[in-house]
Amino acid sequence: MIQTYKKQLFTLAIAATVFASCKVTKTYENPSLKTAGLFREQTATDTITMANTPWKTLFADPLLSGLIQEGLDQNLDLKNALQNIVQAQATLQQSKAAFLPSLSLDANVTRSKQSEAGLNFPPGININTLTTTYKAQLSTSWEADIWGKLSSTKRSALAAYFRTDAAKRAIQTQLIADIANNYYNLLALDRQLEITQETLKSRIAGVETMKTLKEGAVVNGAAVVQSEASRYATEVTIPDLKRTIRETENALNILLSRAPGSISRSKLADQSLSPDVKIGVPTQLLENRPDVQGAEFAFRAAFENTNLARTYFYPSLTITAAGGLSSLDIKDFFSKSIFYNLVGGLTQPIFNKGLNKQRLVTAKSAQEQALNTFQKTLLVAGQEVSNALYTYQTAVEKEEARAKQIAALEKSVNYTQELLRYSSATNYTDVLTSEQSLLAAQLSGVNDKLQKLQSVVNLYRALGGGWK
């Protein structure tokens, strides 16, 4: 009897192997994406890219490097991303364990009593209706991966795991850029505050000068009042600058997982980033941008989920076995109480209320959405590179012109002040106009410097730099 059953089980396994020769799932292939022209008006073929530059090399300021390292160690969003990796890894291990048979131990004592009502036994026969059963068994179950159901599940979990790793790296690159940009913004605000405070001192001195000139009948009372108004117009901007500085410090502290407080920093004039801006070729975004990689892994997971949905249309082979000891008397528990069973069978879905069909439709739709998201993520990456590169180029173009503008306005201020003191060829309105123009140009010059620094940071992040 046992030999016959083994032959039947062997025949079932052979049939399953034959079925498996008909491939149900598809092999993943890289999708065709639009990569041409991602970098607007850039046709270079040089594959050297600043994305491969370590962040410690790019940011030479030791205070900034220290803040970035602290952020990488303490940032709470980055810590949450690491926990996402832990969770995805656990899911991956579960999918791998599905290939192994399950094993469970069951031990129990059952006490039961039968009803004596309606039982007519001959006189003198004592029937015990109270029984106790002692039982201990091991049971196992194993599903053969005939159609690739378990393999597809594992590959989907693997893609999800890699996606969480890519998400963590994307957070890291963004964190580095955010810390650097906030740091440079602080330095720019510091410099603008210095310029404004220096201008305020000049305005206060100018008021005294106008009073002296009025006493000498060089100017009238209107010039004195205008000079005072100009002094207060400059002074009123200082509290807003100080408030913005404090808010920027607090924002930077959040990135570092610190409580609000001051930030140790250097000077804007001491900052310089490598002028050797290399962007490589668009296809390198596929290997350097973590969010692009994450979008591809999401597509791969959706692809494998579609494979999984296909396998539900085909029969599954499950083998179960159980064996152990069972006895009505504890003293006979280890003698003549052995039992076992072995079951193998194919389960073929016939009618499942359309569930399998709709599962496949849903999986295919999700796969198409994942592909569209993958393409869009790549396009956005190209847009960010193009924008950051052009911002850098325009900042460089403005530097020389801005320096000439400031030099000319400084001369204009000196000339109009001298003319006001020693001749009647001008009036205080001309002096005021030139002074206001100079202050605006100096503040704009600071913004130009900030734009140049931040554009390099943003280009570095857009190319995928910061995680290698």
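Hi everyone, and thanks for coming. Please keep in mind throughout that we are looking at a prediction.

Let's start with the helices. I'd like you to find H3, which covers residues 62-74, and H5, which covers residues 149-215. Their axes come within 10 Å of each other and cross at roughly 140 degrees. As for handedness, the crossing of H3 past H5 is right-handed. Which residues make the contact? On the H3 side they are Leu63, Leu64, Leu67, Ile68, Gly71 and Leu72. H5 brings Gln172, Leu175, Ile176, Ile179, Ala180, Tyr183 and Tyr184. If you sort the residues of this contact by class, you get 11 nonpolar and 2 polar, with no charged ones.

Now for the cavity. Counting those of 30 Å³ or more, there is 1 cavity in the model, and the space in the largest cavity is about 60 Å³. Its lining takes in a run of neighbours, Glu143, Ala144, Asp145, Ile146 and Trp147, together with Lys149. Thr311, Tyr314, Pro315 and Ser316 line it too. By class, that lining has 5 nonpolar, 2 polar and 3 charged residues.

Two of those lining residues bring us to Thr25. Thr25 sits in the loop between helix H1, residues 2-20, and H2. Setting aside residues up to four places away in sequence, Thr25 touches Trp147 and Thr311, along with Gly148, Ser152, Arg155 and Asn307. Is Thr25 buried or exposed? Thr25 counts as buried, because its relative accessible area is 9%, under the 20% cut-off.

Beyond its neighbours within four places in sequence, Leu58 is in contact with Met50, Thr53, Leu273 and Tyr460.

My last stop is Ala408, in helix H10, residues 355-422. Ala408 is partly exposed, because its relative accessibility is 46%, and that class runs between 20% and 50%. Along the chain, Ala408 and Ser434 are 26 residues apart, and 10.0 Å separates their C-alpha atoms.

Terms used: Residues are numbered from 1 along each chain as its sequence is written. This is a predicted model: local features need pLDDT of at least 70, side-chain atom pairs count only at pLDDT 80 or more; totals for chains, interfaces and linings use all residues. Side-chain values use heavy atoms; hydrogens and water are left out. Axes are lines fitted to C-alpha atoms, for helices over the stretch in contact, and angles run from 0 to 180 degrees between N-to-C directions. Helices (H or I, at least four residues) and strands (E, at least two) are DSSP runs, numbered from the N terminus. A crossing is left-handed if the near helix is turned anticlockwise from the far one by less than a right angle, and right-handed if clockwise. Contact means heavy atoms within 4.5 Å. Ala, Val, Leu, Ile, Met, Phe, Trp, Tyr, Cys and Pro count as nonpolar, Asp, Glu, Lys and Arg as charged, and the others, Gly among them, as polar. On a 1 Å grid over the protein atoms alone, a cavity is a set of points where a 1.4 Å probe fits but cannot get out, and a pocket is an open set with protein on both sides within 12 Å along at least five of seven lines; lining residues have an atom within 4 Å of a point. Grid points are joined across faces, edges and corners, and a volume is the space filled by probe spheres set on the points. Buried means under 20% relative accessible area, exposed over 50%, partly exposed in between (1.4 Å probe, protein chains only).
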